[in-house]
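This report describes a protein structure in plain terms.

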Amino acid sequence: MWKNIEAAPADSILGLTEAFKNDSNPAKVNLGVGVYKDDAGNTPILGSVKAAERILVEKETTKSYLPISGDPGYGAAVQKLLFGENSEVITSGRAATVHAPGGTGALRVGAELLKKFKKQAKVWISKPTWANHKGIFSAAGFELAEYAYYDAGTMSLDFDGMLASLETVPAGDVVLLHACCHNPSGVDLNEEQWSKVVALGKEKGWVPFLDFAYQGFGAGVEADRYAVEQFAAAGVDFFVASSFSKNFGLYNERTGALTLISPTKEESQVAMSHLKSTVRVIYSNPPAHGGLVAATILADSALYDQWIGELDEMRDRIVAMRSALVEGLAARGVERDFSFIKEQRGMFSFSGLSDDIVSWLRDNKAIYVVGGGRINLAGLTTGNIDYVCDSIAEALKK
């Protein structure tokens, strides 16, 4: 069957990780893959997660299937995290949540559901965006279009261009937005800008789809949900894909959720019926463990406080590495201004490094960076920051 078929190209990010693993250079540094690392270079299991797992081991009595939509306690916990405990969205019952296998699974379920009812719609994605966004929505059969987002000249948000692009989006089309910690640029909208985008979306009648993969990695759990709250207050239909890979460190548990918010409880119930029928033909029932871990933490005040503390530590470490990189390059006499990196949020940064420099760093220093210059700040540690700064400074002076 496969004799005359060419092999598919390697994933641009995961393929980079494979090359990194095969590199024998003891000084090698992986700044590509989107996984949090602590200062020892490890992806830790959070203490709150370990504690929740011990609780589950003691009380778990069955490995039977979860409901199609997932454990009800998990859905309630996700909504509390998205909207706040006393949110009108929750008390009115106008949100429907299903447990999905990771943020990617949530995006794909949402894409399949939308394709059922909006067959002619386009999906608009930011330029640039996470590479897998294109694959997910294309695989669901959508035509893609791009809206302006990042200005490579100023290393900042092109907000005027973004608004001008979104003005042209027809009613019924889908606009995919990063709720916080934009991947790959690290450049986010401020609250005033979000308010303008929400107002425009309501006026134009397009369907907002928020990818919320990094809640807590920007400014904090509550501050990072500002866009979600604003769309909820606008009373429009919209989608939110959540991921708990980063903020709970549940990468290999594939723990995520898709939440649909509607203007009324009755519409939300209809949405849930179609959500479940969509899930049924994709993976039927979600995996239990990661969702039950997250639900246990979010329902227990002591574990919740412990988790928030651990999340704060992860975010603070990334912020510290941003500063260390900027200051380290300046201390080495690099003339280019990299101070914009301090203004970005989340794990990622569009560093401004050219593809030639990215290739040189990989070939000569075993420092692995995604093409286009996107770096994962969590890959930097106190042990490798000097080596990385020395190497970048050398590359820039060539």
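Helices (H or I, at least four residues) and strands (E, at least two) are DSSP runs, numbered from the N terminus. The model is predicted: local features need pLDDT of at least 70, side-chain atom pairs count only at pLDDT 80 or more, and totals for chains, interfaces and linings use all residues. Residues are numbered from 1 along each chain as its sequence is written, and side-chain values use heavy atoms, with hydrogens and water left out.

## Charged pairs

A salt bridge here is a side-chain nitrogen of Lys or Arg within 4 Å of a carboxyl oxygen of Asp or Glu. By this rule the structure has 17 salt bridges. Side chains of opposite charge can pair when their charged atoms come close.

Helix α13 spans residues 301–331 and holds both Arg-315 and Asp-312, which are three residues apart, about one turn of the helix. An α-helix has 3.6 residues a turn, so residues three or four places apart point the same way. The side chains of Arg-315 and Asp-312 form a salt bridge with an N to O distance of 2.8 Å. For exposure, buried means under 20% relative accessible area, exposed over 50%, and partly exposed in between (1.4 Å probe, protein chains only). Arg-315 is buried at 12% relative accessible area, whereas Asp-312 is partly exposed at 28%. Elsewhere, salt bridges that share partners join Asp-188, Asp-224 and Arg-345 into one network.

Helix α5 (residues 102–117) contains Glu-112 and Arg-108, four residues apart and so separated by about one helical turn. Another pair is formed by the side chains of Glu-60 and Lys-63. Lys-63 is exposed, with a relative accessible area of 72%, while Glu-60 is partly exposed at 35%. Glu-112 is partly exposed at 24%, and Arg-108 is partly exposed at 30%.

| Asp-312 | Arg-315 | 2.8 Å |

An open sheet of seven strands has the order β2-β10-β9-β8-β7-β3-β4, and its pairing is mixed. Its edge strands are β2 (95–101) and β4 (143–148), each of which pairs on one side only. From one strand to the next the twist averages 25 degrees. Axes are lines fitted to C-alpha atoms, for helices over the stretch in contact, and angles run from 0 to 180 degrees between N-to-C directions. Two strands count as paired if DSSP finds at least two bridges between them. Strands of a sheet pair through backbone hydrogen bonds, either parallel or antiparallel.

Strands β8 and β9 are parallel, with four bridges, and Phe-209 has Phe-239 of β9 as its bridge partner. Strand β7 (residues 174–178) runs parallel to β8 and is joined to β8 by five bridges; Val-174 stands opposite Val-207.

## Buried parts

How many residues of β9 are buried? Six of the six residues of β9 (residues 238–243) are buried, so this strand is largely enclosed by the rest of the structure. Phe-238, Val-240 and Ser-242 point one way, and Phe-239, Ala-241 and Ser-243 the other way. In β8 six of the six residues are likewise buried. There, Val-207, Phe-209 and Asp-211 point one way from the strand, and Pro-208, Leu-210 and Phe-212 the other.

Helix α12 (residues 289–299) is mostly covered, with nine of its 11 residues buried. These buried residues pack against α2 (47–59), α3 (72–83), β2, β10 and α13. Contact means heavy atoms within 4.5 Å. Helix α11 (residues 265–280) lies across β2 and β10, at about 15 degrees to β2.

## A surface patch

Met-1, Trp-2 and Ile-5 form a nonpolar patch on the surface, with about 450 Å² of accessible area together. Patches are made of residues with over 30% relative accessible area and no salt bridge; like charges are joined within 9 Å, and nonpolar side chains (Val, Leu, Ile, Met, Phe, Trp, Tyr) within 5 Å. Accessible areas come from the Shrake-Rupley method with a 1.4 Å probe, and for residues only the protein chains shown count as cover. Trp-2 lies in the segment before α1 (14–22) and is exposed at 60% relative accessibility.
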